[in-house]
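Walk through this structure one site at a time. Keep the coordinates open and follow along.

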Amino acid sequence: MGRHRRKAERAWLPTPQTLRRAAKSRTALGACVLACLGLAATTSELSHASPGAPMVASAVLGDGSVGVQRSPGTFGGALADAQAAGAGIVLDPATGEPTQVESAPPPPPTPVAGLNQTQMDNAWKIVQAGQGMGLPARAFVIAVATAMQESNLYNLASSRVPSSYNYPHEGSGSDHDSVGLFQQRASSGWGRVAQLMDPTYAATAFYSALQKVPGWQSMALTWAAQRVQRSAYPYAYAKHESRAQAVVDALVGTSP
């Protein structure tokens, strides 16, 4: 009987391989326990922390160890950052209510063809108005060339129209009651002064008139512009075509 018991005891002696497996299992078990404790602590902080409390995050690393990292910011700030990187909805740290995060505005277009930033921004507004109407790029080139001739791509008020100075402007003209990028006249039915001082409205009005010109798509730029503007200098628009084309080429690939 004693001999059989000693055999059984010897049969259950662990081998080196068994010892290594056991050590690995204990390490993994310990890591899991620590991870659970860390997650429990994090959950507790998330549910009880005030907006100014620091945030703790725990995770099991690839080597089986447990990483516990305390955010250098506050609970509210860390949560907002994490959520902003996701769906764009964050919790207001003051009220705890979900709120939409507004995306940053796109950078302004880079000036080309000798324009400064103000002129390039106005050209971009002209192009955007045309894109909104579903027009081809040829219309944008005609419109930008026209504004280059009429106002040098500045949104001009007029000394003849004192009320025009009540609206955002980038200079002053004095040609009758002509105002804005396209020097349109309220007295000629283009719209009210407040509307004509809005670059988007002014460009839209120009495009609407251009579309009524038969064959404008294949017409020489200077004549297409002249049919809309009815200028005393019908050939003046031609000299701006190459620069206007370069500006439009730089802008049409820019997302609205």
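V161 lies in the loop that runs between strand 5 (157-158) and strand 6 (172-173). The model is a predicted one. Is V161 buried or exposed? Its relative accessible area is 11%. The cut-off for buried is under 20%, so V161 is buried. Which residues does V161 touch, leaving aside neighbours within four places in sequence? The contacts are D177, V179 and V193. V161 and S174 are 13 residues apart along the chain, and their C-alpha atoms are separated by 8.5 Å.

Side chains of opposite charge can pair when their charged atoms come close. How many salt bridges does a search of the whole structure find? It finds two. D177 takes part in a salt bridge with R185, at 2.4 Å from N to O. Take the accessibility of each partner in turn. D177 has 18% relative accessibility, so it counts as buried. R185 has a relative accessible area of 29% and is therefore partly exposed.

Now turn to E241 and R138. Their side chains meet in a salt bridge, with an N to O distance of 3.1 Å. The pair links distant parts of the chain, 103 residues apart. E241 sits in helix 9 (residues 241-251), and R138 sits in helix 5. E241 is partly exposed, because its relative accessibility is 29%. R138 has a relative accessible area of 24%, so R138 is partly exposed.

Stay with helix 5. Two packed helices are described by the angle between their axes and the distance between the axes. Apply that to helix 5 (residues 137-151) and helix 7 (residues 199-210). The two axes come within 11 Å. They cross at roughly 120 degrees. How does that angle class the pair? The range for roughly perpendicular is 65 to 115 degrees, and roughly antiparallel needs over 145. Helix 5 and helix 7 are therefore oblique to each other. The crossing of helix 5 past helix 7 is right-handed.

Which residues make this contact? Helix 5 supplies A139, F140, I142, A143 and T146. Helix 7 supplies F206, Y207 and L210. By class, the contact of helix 5 with helix 7 has seven nonpolar residues and one polar residue. No charged residues take part in that contact.

Notes:
Residues numbered from 1 in each chain as written. Predicted model: local features only at pLDDT ≥ 70, side-chain atom pairs only at ≥ 80, totals over all residues. Heavy atoms only, no water. Axes fitted to C-alpha atoms, helices over the stretch in contact; angles between N-to-C directions. Helix = DSSP H or I, 4+ residues; strand = E, 2+ residues; numbered from the N terminus. Parallel < 35°, antiparallel > 145°, perpendicular 65-115°, else oblique. Left-handed = near helix turned anticlockwise from the far one by under 90°. Contact = heavy atoms within 4.5 Å. Nonpolar A, V, L, I, M, F, W, Y, C, P; charged D, E, K, R; others polar. Salt bridge = Lys/Arg side-chain N within 4 Å of Asp/Glu carboxyl O. Buried < 20%, exposed > 50% of the residue type's maximum accessible area, 1.4 Å probe, protein only.
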